[in-house]
Every structure is written in C-alpha cells, then in structure tokens.
Amino acid sequence: MKTKVAYLIMGIYSILLIVGLIFTNDFLINISTALAIISAIAIQQNESKKEPDEREKFIVDRAASLSYLSVMTIIFLGYIGNDVIGFENYLSFELVFQILIGIGFMTFVSMYVYLMEKY
C-alpha cells in the first residue's frame, strides 16, 4: 500500500469517526472501525510474497508497541476523565470498545507508514 493511499485512508477514517461521534451514528463508527482493521491488514501484505526481512519485522514490532501504548494512554486518560465528565451517560461500553479498537489499528497504520519512511 502506498503512503498516499494510507494517508487517504487515515483521513477517511478520521472523518467517519468524528462525524459518527458527533451525530452518534453507530453505522459510521462501525464502518470506520472496519476500515481501520482492513487497512492494518492490507498494509502488512508484502508485494514480493517473500519472508519479511529484519527491517520489516522491526517496523511491525515497533508500530504494534506504539499503537498499544497509545490505546493504553487513551484508556488511562478516559478513566481519569470519566470522573469529571461521566462518559457512561453519553456513550455505551460497546461503542467505547469499538472506538478503541479502531484507534489502535489506525495508530498501527500511521506508525507503520511513518517508520517505513524513516527507516
């Protein structure tokens, strides 16, 4: 997957997620999460169908660890913010879980693209 296509997918994901959250439309949030998962799978596909080299393994491991850290940070800040705002009044548990899955996969895609350009 080329970087311009990945940037386009990240933009579409962001728009779908923001519009879905503003209008509390579950369908748009479902589509954004599916787009994040499919793009994370598609970006890892090797064009040459060979074994991944050490550089590729490093990039995947690093991107996965950074996406895990971002999701854990969001969970921690959400836990703190829940005392102040009270998210359970506005969002359901399933919706929050689905948003976190989408953010995790899209963070993986963005870190993968960034690390591929950097290394």
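Biologist: How much of the 119-residue chain do buried residues make up?

Modeller: Buried residues make up 29% of the 119 residues. Keep in mind that this is a predicted model.

Biologist: What about secondary structure: how many helices, how many strands?

Modeller: The chain has 4 helices and 0 strands. From the N terminus on, the order is α-α-α-α.

Biologist: What are the dimensions of the C-alpha trace?

Modeller: Along the principal axes of the chain, the trace spans about 50 × 25 × 20 Å.

Biologist: What share of the contacts with a separation of 6 or more joins residues 24 or more positions apart?

Modeller: That share is 78%.

Biologist: At what angle do they pack?

Modeller: About 155°, with the axes 8 Å apart. An angle over 145 degrees counts as roughly antiparallel, so H1 and H2 are roughly antiparallel to each other.

Biologist: Left-handed or right-handed crossing?

Modeller: The crossing of H1 and H2 is left-handed.

Biologist: Which residues meet there?

Modeller: From H1, the list is Ile9, Ile12, Tyr13, Leu16, Leu17, Val19, Gly20 and Leu21. In H2 they meet Leu28, Ile29, Ile31, Ser32, Thr33, Leu35, Ala36 and Ser39.

Biologist: How do those divide into nonpolar, polar and charged?

Modeller: The contact of H1 with H2 has 12 nonpolar residues, 4 polar and no charged.

Biologist: New topic: Ser67. Where does it lie?

Modeller: Ser67 lies in helix H3, which runs over residues 54–84.

Biologist: Is Ser67 buried or exposed, and why?

Modeller: Buried, because its relative accessibility is 9%, and the cut-off for buried is under 20%.

Biologist: Which residues is Ser67 in contact with, leaving aside neighbours within four places in sequence?

Modeller: Gly104, Thr107 and Phe108.

Biologist: And Ile59, what is its place?

Modeller: Ile59 is also in helix H3. At 0% relative accessibility, Ile59 counts as buried.

Biologist: How far apart are Ile59 and Lys118?

Modeller: In sequence, Ile59 and Lys118 are 59 residues apart. In space, they are 9.9 Å apart, C-alpha to C-alpha.

Notes:
Residues numbered from 1 in each chain as written. Predicted model: local features only at pLDDT ≥ 70, side-chain atom pairs only at ≥ 80, totals over all residues. Heavy atoms only, no water. Axes fitted to C-alpha atoms, helices over the stretch in contact; angles between N-to-C directions. Helix = DSSP H or I, 4+ residues; strand = E, 2+ residues; numbered from the N terminus. Parallel < 35°, antiparallel > 145°, perpendicular 65-115°, else oblique. Left-handed = near helix turned anticlockwise from the far one by under 90°. Contact = heavy atoms within 4.5 Å. Nonpolar A, V, L, I, M, F, W, Y, C, P; charged D, E, K, R; others polar. Buried < 20%, exposed > 50% of the residue type's maximum accessible area, 1.4 Å probe, protein only.
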